[in-house]
Structure formats: structure tokens, C-alpha cells
Amino acid sequence: MGTNGSTMLDFEPLRQGLPPIDPSAVSGSATCTLPARYEAVGGARQFTRSTLTGWGLSERLDDVALVVSELVTNALRHALPADVPRESQDPPVRLHLMRWTSRLVCAVRDPSHASPVASEAADSAESGRGLFLVESFSDSWGWHPSPALGADSAAGAALRGKVVWALFRLSEPV
């Protein structure tokens, strides 16, 4: 799993579909590339915790880490082709964290074209509540088609997918 600081240009496609946010007010951004394995969920959670701690956002750690877990789990479960061995896939899932003065956005890119669908899970079901949790713990969420995921844009639509994002309002500094 790799991490790197990113410029605003990296996040231009992620802002599509988000509530209006002044791009010049970005005070932090971080990206994490995730392998196509369920163990990546724990890594994404740890990346989120260390990033938010570094940004002094410990008051939102638990909510954001839970939402990141759900978004990454959904990307791994629903967005990756089941017929390709996961070990052989390039890391197609990316976690982006962006901080503004009063807002934090976590966004997960994946290669699927399918829109995320919140479903009603039976009380006894062990899964199926991911988007309900995202909606419950974030201030808003949504998704939009993504530009090419890889550096090779000539590959065309095969590399396109979607971005699912969640927005958190932050306490104004005193």
C-alpha cells in the first residue's frame, strides 16, 4: 500500500458532484492505493487514522474510519471482477482524503461503472448495511463516474469507474 501527498489537480475529478467547496481553501490531502484484498480495509482504516491524527482531527476519527471501512469494503466486494484472481490485479482501489477548514471528504475510487445501491438488509443479515452506515455517520455522501484510473488513458473506458465520497463537517477553529 502506498501513500503520497497530492496536489489539487489530483482531486479535480473528485469534486464533481460534491457540494460547493472552494478548492483554494484545501488545507490537506492524502491518497492511499489499496490492493485488491480484504486485508486492505484494515490498512485503509489505519491510513485514515494516521492522516486525521496528523491533521488534528481526532474528534472525527471513529466516524470517518467507519465510513472509510464501509466504502473500501463495498469497492472490494462489489466493484472488482470476481473472475480475475485478486492477487494478479493492479491496485484498482484508491482512497483519497481531502481536508478544508470546515469539511473533510473521503472518497474511494474503483473500476466499476455500477452505481452504489443502498439496500434493506434483514435484521439477521451479517452484511448489506454499508451505505446505510455511510449515510448515518457522514453529513452527506454521493458518487460520480471517474476519469481513467490508470496512467494509461489510451486504455479508454476499461479503466474508467466511479468515485464514492462522503463529506464530514468539521468544527470551526476557535
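A: A crossing is left-handed if the near helix is turned anticlockwise from the far one by less than a right angle, and right-handed if clockwise. Helices (H or I, at least four residues) and strands (E, at least two) are DSSP runs, numbered from the N terminus. In this predicted model, local features need pLDDT of at least 70 and side-chain atom pairs count only at pLDDT 80 or more, while totals for chains, interfaces and linings use all residues. Residues are numbered from 1 along each chain as its sequence is written, and side-chain values use heavy atoms, with hydrogens and water left out.

Q: In which hand does helix 2 pass helix 3, and at what angle do they pack?

A: Two packed helices are described by the angle between their axes and the distance between the axes. Here helix 2 (residues 40-54) passes helix 3 in a right-handed crossing. The angle between helix 2 and helix 3 (residues 61-78) is about 150°, and their axes lie 9 Å apart. Axes are lines fitted to C-alpha atoms, for helices over the stretch in contact, and angles run from 0 to 180 degrees between N-to-C directions.

Q: Is V41 buried or exposed, and which residues does V41 touch?

A: Buried means under 20% relative accessible area, exposed over 50%, and partly exposed in between (1.4 Å probe, protein chains only). V41, in helix 2, is buried, with a relative accessible area of 11%. Contact means heavy atoms within 4.5 Å. Leaving aside residues up to four places away in sequence, V41 touches S69, V72, T73 and L76. V41 and V72 are 31 residues apart in sequence, yet 6.1 Å apart in space, C-alpha to C-alpha.

Q: Why is strand 4 described as largely enclosed by the rest of the structure, and how does strand 4 pair with strand 6?

A: Two strands pair if DSSP finds at least two bridges between them. Strand 4 (residues 103-110) is largely enclosed because seven of its eight residues are buried. Strand 4 pairs with strand 6 (residues 161-169) in the antiparallel sense over eight bridges, and V108 stands opposite V164 in strand 6. Strand 3 (residues 93-99) also runs antiparallel to strand 4, joined by six bridges. Strands 3 and 4 form a hairpin with three residues between them, and R94 stands opposite R109 in strand 4.
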